[in-house]
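Subject: Handing over the structure

Hi,

As promised, here is the structure for you to look at. My notes on what turned up follow below it.

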Amino acid sequence: MYEFEIHSPTNLEEALKLKATFGAELHPLAGGTDVLVSIRNNHINWGECPSLLNLNKIQKLHFIRETPDTIEIGPLLTHTEISTHPLIRKHIPPLAKAVAFIGSPQIRNRGTIAGNMCHASPAADSLPILYCRNAKIEIQTHNRTNLVPIEEFITGPGFITIDPSGILTKIIIPKLPNYIGDYLSLRQRQALSCNVVSVGVEMFRPNCEGKITDIRIALGAVAPTVVRGRKTEKLLKNKVLTEDLIDEASSLIQTECIPIDDVRSNKSYRQAMTGVLLARFLFSQI
Ligand SMILES: Cc1cc2nc3c(=O)[nH]c(=O)nc-3n(C[C@H](O)[C@H](O)[C@H](O)COP(=O)(O)OP(=O)(O)OC[C@H]3O[C@@H](n4cnc5c(N)ncnc54)[C@H](O)[C@@H]3O)c2cc1C
């Protein structure tokens with residue numbers, strides 16, 4: 001039997017007041033697919049009776065909208081909603097693909113994008129494409145609103161920069177018109193299995209056999225946080241794709257990982273597979 005106290009405000013103002021009063025002692029609850037597992041397994045010291053701030057009754061946190069340059073997502077959007085939404089499929093197709101890898105249909109129906117980001121696993125499937133897009137995170141407290149770049153928001157495995165009285169209220173994702181992108185992930189099974197490695201890529205070439213004018217590469221599960229492969233991006237920029245260039249990029253990207261050995265894989269396999277996944281994307285573009 002697990003006991004906890006739940007506050008279920010019906011509007012954001014009430015939720016922010018509660019957060020201002022209780023601070024870090026009051027834990028936001030979205031889909032609960034990480035929080036409830038963590039309480040059950042006592043992953044962090046939850047104390048005798050954890051206090052949860054149930055966000056699910058706050059309609060204002062459940063939205064998706066388009067601006068001329070961005071797609072804005074509310075924190076309560078589930079992975080199923082994101083993977084099937086026409087705006088995401090049109091403007092951020094690799095994100096639709098990435099979140100469709102998460103868990104199982106049940107987990108995708110409950111789990112939210114904000115929960116995936118705030119859990120801050122380096123293997124989280126939503127993150128590599130958000131890193132490629134330089135997404136920004138809106139954090140609100142009772143008296144201010146901050147915008148934080150995703151690379152500053154996530155600081156380590158399980159660690160985020162958030163005011164103790166703050167709630168994540170919006171994710172702002174720039175559009176990248178005419179980019180070609182993909183999310184490639186290697187895992188032990190097709191479902192209910194965490195990433196061994198993942199690679200998000202977004203690339204722009206004004207004509208499909210010409211030079212790459214921009215490329216963004218983000219790597220999952222190979223460092224304490226998702227990381228951008230900036231040396232490899234630099235190598236590929238302003239070049240025409242050839243087999244030799246792809247071999248060079250595939251070797252260089254492995255030097256940009258700092259993976260660990262764990263139950264799912266070991267360091268050298270993770271490094272090698274990062275090179276393979278990147279090469280797989282680049283070869284598909286020759
Ligand atoms: C069986 C299983 C399989 C899974 N498979 C995968 C997988 O393949 N890939 C993957 O990436 N993940 C996977 N997960 C992890 C999990 O489902 C996701 O991370 C999910 O997106 C978490 O979202 P949630 O809404 O359930 O978060 P919750 O559990 O409700 O919250 C997670 C964290 O985010 C915080 N939080 C939530 N919303 C806010 C907010 N608006 N503001 C501030 N803090 C907030 C919570 O306080 C908590 O710290 C799996 C989990 C399970 C149980």
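A quick definition before anything else: helices (H or I, at least four residues) and strands (E, at least two) are DSSP runs, numbered from the N terminus. Also, this is a predicted model, where local features need pLDDT of at least 70 and side-chain atom pairs count only at pLDDT 80 or more, while totals for chains, interfaces and linings use all residues. Residues are numbered from 1 along each chain as its sequence is written.

Let's start with the ligand. The elements that each supply at least two residues to the shell around it are β2 (26-29), α2 (35-41), α6 (105-110), α7 (113-119) and β10 (167-174). Helix α7 gives the largest share, five residues. There are 30 residues around the ligand, and Gly-31, Gly-111, Gly-115, Asn-116 and Cys-118 come nearest; a residue is near a molecule if its C-beta atom, placed from the backbone, lies within 6 Å of it. Sorted by class, the shell has 17 nonpolar, 10 polar and three charged residues. Here Ala, Val, Leu, Ile, Met, Phe, Trp, Tyr, Cys and Pro count as nonpolar, Asp, Glu, Lys and Arg as charged, and the others, Gly among them, as polar.

Now the sheets. Two strands pair if DSSP finds at least two bridges between them.

At one end, three bridges link β4 to β5 (residues 70-73), and Arg-65 stands opposite Glu-72 in β5. At the other, β6 (residues 136-140) and β7 pair over five bridges, joined by a hairpin of four residues. Lys-136 has Pro-149 in β7 as its bridge partner.

Is β7 (residues 145-149) buried or in the open? The number buried among its five residues is zero, so β7 lies largely in the open. (Buried means 20 or more other C-beta atoms within 10 Å of a residue's own, exposed 12 or fewer, partly exposed in between, with C-beta atoms placed from the backbone.) Take Val-148, which sits in β7: it is partly exposed, with 18 other C-beta atoms within 10 Å. Beyond its neighbours within four places in sequence, Val-148 is in contact (C-beta atoms, placed from the backbone, within 7 Å) with Lys-136, Ile-137, Ile-139, Phe-153 and Thr-161.

The other open sheet to look at has four strands, ordered β11-β12-β13-β14 and paired antiparallel. Eight bridges join β11 to β12 (residues 195-204), with Asp-182 partnered by Val-201 in β12.

Of its 71 residues, Leu-55, Leu-95 and Ile-217 touch the most other members. Setting aside neighbours within four places in sequence, Leu-95 is in contact with Ile-82, Ile-88, Ser-126 and Ile-129.

Cheers

Terms used
A nonpolar core is a set of buried Ala, Val, Leu, Ile, Met, Phe, Trp, Tyr and Cys residues joined through C-beta atoms within 7 Å. Two residues are in contact if their C-beta atoms, placed from the backbone, lie within 7 Å.
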